[in-house]
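Dear colleague,

Please find below the structure that I am handing over to you. My notes on it follow directly after.

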Amino acid sequence: MTRRVVLIGHPVAHSLSGAMQQAAFDAAGIDARYELWDRAPLELSDAIAELRAEEFLGANVTIPHKEKTVPLVDKTTDEAHATGAVNTITKDGKRLIGHNTDVAGFTHALDALVGKQKMPRGAVVLGAGGGARAVVFGLVRAGFTRVIVFNRHLHRGEALVKFFGRSAAHMELRAMPWHESVLEAELSKAKVFVNATSVGLDPNDTPIPGELIPPDLLVLDLIYNPARTRLMREAEAAGCHVMNGEGMLLHQGAAAFELWTGKPAPLDLMREKLEEAIAAGGSTPADETPVADAPVADAPVADASAVAAGD
Ligand code: NDP
């Protein structure tokens with residue numbers, strides 16, 4: 001029986017995960033098909049319930065469902081519980097186990113960003129969605145002692161801080177209002193700056209004016225398509241070291257593959273397929289990518305190079 005692994009999101013048509021996961025299944029000789037399921041929020045619970053059938057090996061979950069999936073699975077791992085977000089589902093018989101491999105993905109990206117330097121202690125995070133939760137958890141676990149969260153809607157930033165409450169009691173984790181003067185002051189005190197908003201998918205958009213960015217920051221933009229966002233370009237011009245979200249995407253995907261299959265992920269192949277898919281998407285904003293080039297939702301991902309953007 002061909003097993004099925006699905007990516008549940010809304011939208012999903014432009015996801016890059018299929019490019020690397022299908023290639024990895026094929027290379028490992030696993031008879032499995034990676035499918036894209038576009039499911040609106042009201043359809044999420046039925047989609048998750050469907051996964052209990054034997055043919056399903058598991059699933060990925062993406063925007064905007066990561067947080068809403070938590071109560072729909074039977075068990076969560078420590079990381080999914082701690083972040084309040086699920087991006088990967090595995091099966092134990094009919095039982096569904098929720099994981100968060102974005103944390104592993106972010107940790108790889110953070111280590112690569114910091115390189116041989118001593119792990120810094122202060123960070124500014126833009127965003128308070130599912131991605132930001134993995135980022136904040138990863139920063140807490142890496143020993144950061146001051147993490148400031150800015151979100152367009154302050155209440156969501158405050159909810160994130162409250163959610164981490166006890167696990168961050170030993171440190172300063174705060175949500176602050178999105179005002180340029182406050183952002184500028186906090187960026188000048190931080191060493192690591194992470195964009196976990198979706199602003200920048202369009203290469204002309206950026207979440208904050210470049211003038212606010214001081215030199216010498218380590219900047220990670222979770223966006224990977226375009227491969228160089230305007231934020232990255234402006235931060236680099238200011239003298240910062242910058243990185244996009246490709247490494248995080250690759251490593252969260254590799255961790256998911258290993259959870260579904262119990263086999264080591266073919267990392268080089270997955271990186272190659274991901275880079276091909278990003279190159280095929282180029283710098284086209286996600287919402288302008290020609291639909292004809294994207295895989296059809298509910299269909300297997302046959303041609304990795306046809307996939308363009310988003311996760
Ligand atoms: P969510 O939908 O959960 O959160 C979106 C975030 O973006 C919120 O904080 C939202 O703020 C903010 N935002 C959206 N529009 C604007 C705007 N116009 N101005 C300011 N803020 C805005 O998404 P995720 O957290 O799952 O994903 C966020 C980004 O991170 C996406 O681009 C995604 O592709 C990327 N990502 C990359 C990963 C990787 O592996 N590289 C992994 C996970 C995410 P508000 O709450 O105020 O609406």
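**The ligand and its surroundings**

A nitrogen atom of the ligand lies 2.9 Å from a polar backbone atom of Gly245. An oxygen atom of the ligand is placed 3.2 Å from a polar backbone atom of Leu249. Taken alone, the ligand exposes 920 Å², and the protein buries 85% of that; accessible areas come from the Shrake-Rupley method with a 1.4 Å probe, and for residues only the protein chains shown count as cover. Helix 5 (130-141) and helix 9 (246-261) are the elements that give two or more residues to the shell around the ligand. Helices (H or I, at least four residues) and strands (E, at least two) are DSSP runs, numbered from the N terminus.

Please note that this is a predicted model, in which local features need pLDDT of at least 70 and side-chain atom pairs count only at pLDDT 80 or more, while totals for chains, interfaces and linings use all residues. Residues are numbered from 1 along each chain as its sequence is written, and side-chain values use heavy atoms, with hydrogens and water left out.

There are 23 residues around the ligand, of which Gly131, Asn151, Arg152, His153 and Arg156 come nearest; a residue is near a molecule or strand if one of its heavy atoms lies within 4 Å of it. For Asn151, an N or O atom in the side chain is 2.7 Å from an oxygen atom of the ligand. By class, the shell comprises nine nonpolar, nine polar and five charged residues. In this scheme Ala, Val, Leu, Ile, Met, Phe, Trp, Tyr, Cys and Pro count as nonpolar, Asp, Glu, Lys and Arg as charged, and the others, Gly among them, as polar.

Glu35 belongs to strand 2 (residues 32-38). Glu35 counts as buried because its relative accessibility is 1%; buried means under 20% relative accessible area, exposed over 50%, and partly exposed in between (1.4 Å probe, protein chains only). The Glu35 side chain makes polar contacts with the side chain of Arg4 at 2.7 Å and with the side chain of Arg33 at 2.9 Å. A polar contact is a pair of N or O atoms within 3.5 Å; within protein, one must be able to donate a hydrogen and the other to accept it, and residues adjacent in sequence count only if both atoms are side-chain atoms.

Arg4, at 18% relative accessibility, is also classed as buried. Arg4 forms a salt bridge with Glu55, the closest N and O atoms being 2.8 Å apart. This pair links distant parts of the chain, 51 residues apart: Arg4 is in strand 1 (residues 3-9), and Glu55 is in the loop between helix 2 (44-50) and strand 3 (56-61). Glu55 is partly exposed, with a relative accessible area of 29%.

**Other salt bridges**

The structure holds 16 salt bridges, each being a side-chain nitrogen of Lys or Arg within 4 Å of a carboxyl oxygen of Asp or Glu. One of them joins the side chains of Arg52 and Asp74 (2.7 Å, N to O). Arg52 sits in the loop between helix 2 and strand 3, and Asp74 in the loop between strand 3 and strand 4 (75-76), 22 residues apart.

Arg174 and Glu172 also meet through their side chains in a salt bridge (3.2 Å, N to O). Salt bridges that share partners join Arg146, Glu172, Arg174, Glu186 and Lys189 into one network.

With kind regards
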